[in-house]
Amino acid sequence: MNLPNKITTFRMVLVVALLAVLLLPFEYSCVPGSSVLTWQYVVAFIIFIIASVSDFFDGYIARKYNMVTTFGKFMDPIADKLLVNSTFIILAIQGPYHIPAIVTVIIIARDIIVDALRMISVEKGIVIAASKLGKLKTVTQMVALSFVLLADWPFSYLKTNGWVGISLCYLAAIVSLISGIDYIIKGRKVFKDK
């Protein structure tokens with residue numbers, strides 16, 4: 001259990017804490033006169049940011065100090081997907097502003113398809129390298145979720161009614177879709193039978 005693996009495990013604990021905060025019924029406004037931005041979502045945002053930053057550090061430390069392990073390779077993507085996908089699901093059902101269901105479906109469907117493609121490629125001994133689009137997808141998703149959790153703060157004084165966060169969610173869905181198509185094109189050889 002080296003440092004990167006401890007960070008990944010810590011991120012899993014943060015995912016549970018985030019879900020608890022989002023699902024527990026406490027809705028006290030943290031901005032006087034506003035019923036949209038509540039302490040619940042501010043606390044959830046803080047947990048989400050800590051978990052998101054930990055995602056960068058565990059991978060960076062593992063690569064820089066040659067601490068890559070099988071546990072890390074297995075758990076890191078699971079922790080990432082649990083963090084992002086569960087937050088998208090909950091914020092599609094509730095939240096300061098509801099994320100459109102189609103955005104959540106596209107993001108989760110992309111992850112399922114890419115994971116299935118990777119499993120088949122491993123079976124066939126084919127390596128599909130991670131792409132820059134995959135990293136961009138993760139960044140756009142995390143930024144979009146941050147804005148939704150904070151009800152478009154710091155732009156909320158413009159009476160945005162959530163359009164900044166929701167627009168970023170649509171952008172994240174488009175980047176996810178393009179990233180998924182990119183993986184399918186790169187991995188199309190796995191579908192060829194000998």
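**Overall picture**

A: With 194 residues, a compact globule would have a radius of gyration near 16 Å, and the protein has 18 Å, which agrees. That radius is taken over C-alpha atoms, and the globule rule is 2.2 Å times the number of residues to the power 0.38. Keep in mind that this is a predicted model: local features need pLDDT of at least 70, side-chain atom pairs count only at pLDDT 80 or more, and totals for chains, interfaces and linings use all residues. Residues are numbered from 1 along each chain as its sequence is written, and side-chain values use heavy atoms, with hydrogens and water left out.

Q: What secondary structure does the protein have?

A: Six helices and zero strands, so the pattern along the sequence reads α-α-α-α-α-α. Helices (H or I, at least four residues) and strands (E, at least two) are DSSP runs, numbered from the N terminus.

Q: What does the C-alpha trace span along its principal axes?

A: About 65 × 35 × 25 Å.

Q: How many of the contacts come from residues 24 or more positions apart?

A: Counting contacts in the protein with a separation of 6 or more, 74% are of that kind. Contact here means heavy atoms within 4.5 Å.

Q: How many positive and negative side chains?

A: 18 positive and 11 negative, with the centres of the two sets 9 Å apart. Lys and Arg count as positive and Asp and Glu as negative, while His and the chain ends are not counted. Each charge is placed at NZ of Lys, CZ of Arg, CG of Asp or CD of Glu.

Q: OK, inside now. How many of the 194 residues count as buried?

A: 44% of them. Buried means under 20% relative accessible area, exposed over 50%, and partly exposed in between (1.4 Å probe, protein chains only).

Q: Which residues touch the most other members of the largest nonpolar core?

A: Phe 88 and Ile 99, in a core of 27 residues. Helix 1 (3-23), helix 2 (39-64), helix 3 (70-93), helix 4 (101-123), helix 5 (132-149) and helix 6 (163-186) each give two or more residues to this core. A nonpolar core is a set of buried Ala, Val, Leu, Ile, Met, Phe, Trp, Tyr and Cys residues joined through side-chain atoms within 4.5 Å.

Q: What is Ile 99 in contact with?

A: Leaving aside neighbours within four places in sequence, the partners of Ile 99 include Phe 88, Leu 91, Leu 145, Ile 166 and Cys 169.

Q: And Cys 169, buried or exposed?

A: Buried, with a relative accessible area of 0%. Cys 169 is in helix 6 and, beyond its neighbours within four places, contacts Phe 88, Ile 99, Val 103, Ala 144 and Val 148. Cys 169 and Val 148 are 21 residues apart in sequence and 8.5 Å apart in space, C-alpha to C-alpha.

Q: Tell me about Val 103 and Ala 101. Which one is buried, which exposed?

A: Val 103 is buried, at 1%, whereas Ala 101 is exposed, at 53%. Val 103 is found in helix 4, and Ala 101 lies in helix 4 too. Not counting residues up to four places away, Val 103 touches Phe 88, Cys 169, Tyr 170 and Ala 173.

Q: Switching to helix 2: where does Asp 58 sit, and what is in contact with Asp 58?

A: Asp 58 is in helix 2 and counts as buried because its relative accessibility is 2%. Its contacts, leaving aside neighbours within four places in sequence, are Pro 4, Ile 7, Thr 8, Arg 11 and Asp 76.
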